[in-house]
Amino acid sequence: MYRFSVEGDEWILRFSPQIYIEAEEKQVVLMSLLQIGNDLSSYSHGDAFLMFTKKIGAIVFDVERIPSFILTVSNIIPEENWYMQDSNLKLIQ
C-alpha cells in the first residue's frame with residue numbers, strides 16, 4: 001500500500017490480493033499515477049479507468065472516494081493478452 005498526495009487530497013494506492021507484481025513494478029504504477037495527478041479529481045466513487053504502460057501493460061484502477069480516496073489496482077493485463085478489433089469490420093445482425 002502506498003500513500004500519495006494530489007492537490008491536497010491524500011490518496012491510498014493498493015493492489016488487489018490476486019495481483020502479484022514486484023516492488024519495482026509497483027513503483028512504476030505509482031509514478032505513472034503521479035503524472036496524471038490532477039485528472040484523479042475527475043473520477044467519482046465507483047468509477048474505473050485504464051492506464052497503459054510499456055513496461056507493465058494495461059492497468060485497471062477502481063476508484064473509491066468514501067470513506068477515503070483509494071485507488072485499487074484490480075487487474076494488470078500484459079500486452080500479449082490484448083486483442084484489437086479491426087474498426088473496418090461491420091456488425092452483422
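Here are a few friendly notes on the structure above.

1. A word on the model. This is a predicted model, in which local features need pLDDT of at least 70 and side-chain atom pairs count only at pLDDT 80 or more, while totals for chains, interfaces and linings use all residues. Residues are numbered from 1 along each chain as its sequence is written, and side-chain values use heavy atoms, with hydrogens and water left out.

2. The fold. You will find 1 helix and 5 strands in the chain, in the order β-β-α-β-β-β along the sequence. Here helices (H or I, at least four residues) and strands (E, at least two) are DSSP runs, numbered from the N terminus. The C-alpha atoms fill a box of roughly 50 × 30 × 25 Å along the principal axes.

3. Inside the chain. Of the 93 residues, 34% are buried, meaning under 20% relative accessible area with a 1.4 Å probe, protein chains only. Take contacts (heavy atoms within 4.5 Å) between residues at least 6 apart in sequence: 42% of them join residues at least 24 apart.

4. A residue to look at: S16. Find S16 in the loop between strand 2 (9-15) and helix 1 (23-36). Is S16 buried or exposed? S16 is buried, because its relative accessible area is 10%. Leaving aside residues up to four places away in sequence, S16 touches T72, V73 and S74.

5. The partner of S16. The side chains of S16 and Q18 are joined by a polar contact of 2.8 Å. Such a contact is a pair of N or O atoms within 3.5 Å; within protein, one must be able to donate a hydrogen and the other to accept it, and residues adjacent in sequence count only if both atoms are side-chain atoms.

Methods:
Buried < 20%, exposed > 50% of the residue type's maximum accessible area, 1.4 Å probe, protein only.
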